[in-house]
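Keep the 3D view open as you read.

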Amino acid sequence: MNILILGAGEIGFYMAEELAERNHNICVIEADEAVAAAVSDKLDVRVVIGNGAAVSVLEEAGVSECDVFYGLSSSDNTNVVAASIARPLGAKKTIARVHADVQQDQWLFDFRTHFGLDYLFSSERIAAVELAKHIRNPDCLVVEEIARGRIELQQTKIFPRSQACGKALRELGLPARVRVGSVQRGREVFIPDGNEVLVEGDVVTLFGATNLLAEAAPLFRQEGGSAEETRVVIFGGGQYGLALAQMLEGGRFRTRIFEADAKRCAQLSKLLQRTTLIHADGTSLAQLREEQVGEADFFVAATQFDEDNVMTCLQARDLGVRHCVTLIHRADYADAVTRAGERLGILGAVSPRVATSRELMRFTAGDRADTLVTLNGGLDVIEFTIGEGSPLAGRTVLEIQWPKGSLLVSMTRGSSASVPAAGDTLKAGDVLVAMIAPSARKAFHQLLR
Amino acid sequence: MNYRLLCKVLGLLVLLMAVSLLICEVYGFFLDHPGQSGAHDFALARAFAVALALGGVLVWLGRSTGREILRKEAIAIVGLGWLLCTAVGALPYIFCMPSLNPAAAFFESASGFTTTGSTAIADLNVYPRSILLWRATTQWLGGMGILVLFVALLSSLGVGSKALFRHESTAQIGYGFHSRIRQTALGLWQLYTALTVVCVAGLAAMGMSFYDALLHSFAAISTGGFSPRNESLMFYSNAGFDAWLCIFMFLGGANFLLMVRVLRRDMAGLRREEEFRTYFGILLAATLVVGADLIISQGAPVFQSLQWSAFQVISIMTTTGFVSADFDLWPHLSQAVLVLLMFIGGCTGSTSGGIKVGRTLTFFKTAGQQLINAFRPSQVIPVRINGNILEETQKTSALFFMALTGAVVAAGTLLISLLEPQVSLVGSFTSVTATLFNIGPGLAEVGATKTFAFFSPPSHLILAFLMLLGRLEFFALLVLFLPSLWRRY
């Protein structure tokens with residue numbers, strides 16, 4: 001695949017490295033000569049020096065035969081303009097990175113259509129989503145977002161005292177349009193029917209809109225208890241801390257942010273309504289004590305400095321915080337921290353660039369059906385689009401003979417997404433997500449053809 | 001200080017007064033009949049002649065100067081302009097009733113322009129109707145602001161018009177729709193005039209004579225409170241009049257720029273508007289408390305109590321000062337509630353006086369923040385009004401204003417007690433609050449059915465000064481005493 005990457009900063013370089021390993025043809029556009037030289041030395045990619053928003057530079061980089069264009073520089077203006085003009089110049093898919101506040105503005109204005117982009121994302125936001133996954137669902141093993149974040153996939157374990165234990169699926173009283181996709185019992189993974197009774201130790205995969213899954217969450221909670229407000233402490237009110245706090249403001253969380261800079265505090269106070277701001281240095285043990293950090297359920301370290309993040313997590317853990325999550329910017333550290341996590345008492349380490357590249361990788365994965373995730377037991381979650389004249393178009397979900405071992409879990413039409421019900425009619429242009437067992441893979445791909 | 005410019009602008013302001021006097025004279029000529037008590041004596045015409053001459057001289061003195069007003073001149077124009085207008089406005093009373101002390105005439109005029117409504121005239125019936133018309137007109141002019149009118153009418157004042165507006169009106173400029181201050185001023189006066197017309201029409205339709213309706217409307221929408229009747233609204237004891245006037249007093253005490261927004265169907269703005277909600281809430285709560293107090297301790301009928309309590313609460317909180325029941329005879333709790341309302345006053349950007357609901361809100365929110373910070377010093381607590389975070393300077397100025405108010409009330413009470421040994425403490429205290437907050441009636445010696453006529457000339461001057469201080473919110477008047485304002489360099 002021919003891939004153009006604009007900007008060889010933290011994220012651009014990492015993407016180029018990852019994609020080069022997968023044998024793609026990559027051209028990197030970088031304005032800074034020194035950075036460009038470094039890329040040229042370290043990676044087997046072509047490097048073009050110049051302003052990525054200039055047509056001549058894009059032409060030189062080979063935009064006319066480009067399959068995917070990534071605008072990943074630190075300037076969102078350059079990214080958006082470059083991606084926007086790359087499309088008419090011949091790029092088949094265009095993706096632009098913006099700052100978190102621009103992505104927040106998407107509620108007000110449709111930047112994607114306006115600029116002709118396929119995907120607009122903020123790496124701060126993606127990292128914040130990763131952090132939030134740990135916080136929103138502490139008892140969940142895996143959380144993935146599909147259908148542009150509108151549908152969530154959660155894997156959760158059945159504990160002996162949780163309400164769902166010992167009940168058949170149809171007795172659970174799950175909200176409408178929430179589906180149990182699969183059950184893992186011991187080594188065996190299967191797609192259950194309504195009569196399946198859940199037993200202790202099962203791992204179930206749930207699909208549904210985020211808010212609906214939150215409704216269902218008490219059924220699977222470890223203590224079987226009611227939903228109390230979760231106490232969260234965020235260390236560092238930078239872009240990542242802010243994005244996370246904004247995400248948590250919608251839910252049942254009591255959030256505190258430690259920010260040492262007074263000016264930044266003033267800015268945050270304008271952007272956050274329901275979050276408590278503490279103007280204090282989170283690395284100071286006295287300050288953490290003063291704010292009773294030990295009583296919190298979660299401590300999230302989200303500053304620019306990996307060392308501070310890890311060390312404050314250890315301190316918070318010492319004070320009695322139940323779970324710690326940290327941001328690690330250097331990918332090598334992230335692996336080490338994750339591996340040592342259990343010993344250190346750190347629930348998870350999130351690396352913004354790893355999270356971002358994982359998110360972006362799907363654009364280079366393939367054409368008809370993109371594999372989003374592969375779950376335990378080889379279950380694939382795949383995304384596909386119903387083309388014009390497809391035999392599936394115009395039929396209801398119930399009418400179609402889905403292969404045994406496959407399940408439709410999400411349907412996106414325009415800007416809305418839901419878990420499809422039996423009576424829904426499929427149309428050309430719908431983007432569907434299905435979960436398929438390895439045994440059903442062949443039959444399923446035949447159905448698509 | 002550019003003295004020529006000062007003369008010119010003040011001259012124009014006096015000419016504006018002359019025009020108003022002339023209009024009142026024309027209407028007044030047809031109102032007064034010979035033989036009736038208080039025959040027409042051309043007092044307004046004589047005052048018009050003086051104002052015309054004075055204005056002419058001032059404009060001539062400042063003939064060869066540009067029109068650019070700087071901050072320094074602007075604040076001096078506001079302070080001096082108000083003093084000058086008050087003096088010119090006092091002329092008709094002196095011409096009409098030579099026996100009236102000039103200090104009392106100045107008091108009466110200040111009470112008009114500042115929309116206070118306290119009166120130094122013991123018996124209104126001896127005055128011709130034209131004078132009473134002028135008395136109400138001064139309130140109407142002062143309500144929205146003489147200088148706001150001035151800014152609205154004169155096109156080429158430049159940036160200085162912003163400063164003139166800011167020192168006279170409590171309306172926040174940024175709140176308006178127009179980027180040009182002249183358009184904002186014009187919009188405010190249009191709305192103000194339109195409301196007055198509706199008020200007059202309503203009262204006339206309910207059977208009040210056009211003259212009485214006009215005067216009461218002038219006094220209601222400006223939250224002034226001058227009535228052409230000695231007994232104020234008790235003269236009619238008509239629930240319809242009371243209710244209709246309540247509506248317009250209420251509107252007069254609300255933010256006019258907010259009303260402009262609502263008229264433009266900006267309902268989202270109204271929903272966010274915290275000050276208006278608080279204003280309405282306080283009125284409602286005070287009405288219920290006073291009403292309940294009247295029912296319980298005086299055994300008054302329920303409907304009557306609520307009617308009285310609503311009218312008095314609205315009249316006092318909006319700093320109008322109309323009276324439909326003698327609250328001097330009410331129980332102490334009700335009186336205490338009314339005194340509290342005197343302090344709070346209406347909304348910012350209204351025609352009312354007092355500390356203003358917005359400042360009171362700021363005070364309490366800041367106090368809450370300070371209390372929390374006492375045990376949790378590192379928490380950043382933004383103080384929000386209408387969802388916007390207040391800057392430190394806004395908080396400081398609100399708190400400073402409240403402190404200054406307290407100091408002035410204390411000093412004023414001291415002075416009045418010194419000058420008027422026969423007046424009770426309640427009387428001297430409420431005479432100060434009633435004038436400083438531009439309300440009108442106080443309690444005891446200056447109660448609902450009494451007047452300020454018995455005060456000595458020095459006290460009249462002090463109280464008139466307090467009214468001007470309250471109307472201009474201290475600064476524009478106090479800076480006049482600083483020598484550095486008057487230096488050329």
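## A helix pair in chain B

The crossing of α4(B) and α19(B) is left-handed. This is a predicted model, so treat what follows as a reading of computed coordinates. To find the pair, look for residues 102–113 of chain B, which form α4, and residues 457–471 of chain B, which form α19. Their axes sit 8 Å apart and meet at an angle of about 20 degrees. Angles under 35 degrees count as roughly parallel, so that is the label for α4(B) and α19(B).

Which residues make the contact? On the α4(B) side they are A103(B), A104(B), F106(B), F107(B), A110(B) and S111(B). Facing them from α19(B) are P457(B), H460(B), L461(B), L463(B), A464(B), M467(B) and L468(B).

## Chain A as a whole

Now over to chain A, which has 15 helices and 22 strands. Its radius of gyration is 23 Å, close to the 22 Å that the globule rule gives for 449 residues, so chain A is as compact as a globular protein of that length. If you boxed up its C-alpha atoms along the principal axes, you'd need roughly 65 × 65 × 40 Å.

Of the 449 residues in chain A, 40% are buried. As for how the chain folds back on itself, take the contacts in chain A between residues at least 6 apart in sequence: 61% of these join residues at least 24 apart.

## Where chain A touches chain B

How many residues does each chain put into the contact? Chain A gives nine residues and chain B gives five residues. On the chain A side, the elements supplying two or more residues are α10 (262–271) and β14 (276–279). The largest share, four residues, comes from β14(A).

## Out at Y489(B)

Last stop: Y489(B), found in the segment after α21 (483–486) of chain B. Is Y489(B) buried or exposed? It has 3 C-beta neighbours inside 10 Å, and a residue with 12 or fewer is exposed, so Y489(B) counts as exposed.

For a sense of where that puts it, compare I146(B): Y489(B) and I146(B) are 343 residues apart in sequence, and their C-alpha atoms are 29 Å apart in space.

Key:
Residues are numbered from 1 along each chain as its sequence is written. Chains are lettered from A and ligands numbered from 1 in the order in which they are written. This is a predicted model: local features need pLDDT of at least 70, side-chain atom pairs count only at pLDDT 80 or more; totals for chains, interfaces and linings use all residues. Axes are lines fitted to C-alpha atoms, for helices over the stretch in contact, and angles run from 0 to 180 degrees between N-to-C directions. Angles under 35 degrees count as roughly parallel, over 145 as roughly antiparallel, 65 to 115 as roughly perpendicular and the rest as oblique. A crossing is left-handed if the near helix is turned anticlockwise from the far one by less than a right angle, and right-handed if clockwise. Two residues are in contact if their C-beta atoms, placed from the backbone, lie within 7 Å. The radius of gyration is taken over C-alpha atoms; the globule rule is 2.2 Å times the number of residues to the power 0.38. A residue is buried if 20 or more other C-beta atoms lie within 10 Å of its own, exposed if 12 or fewer, and partly exposed in between; C-beta atoms are placed from the backbone.
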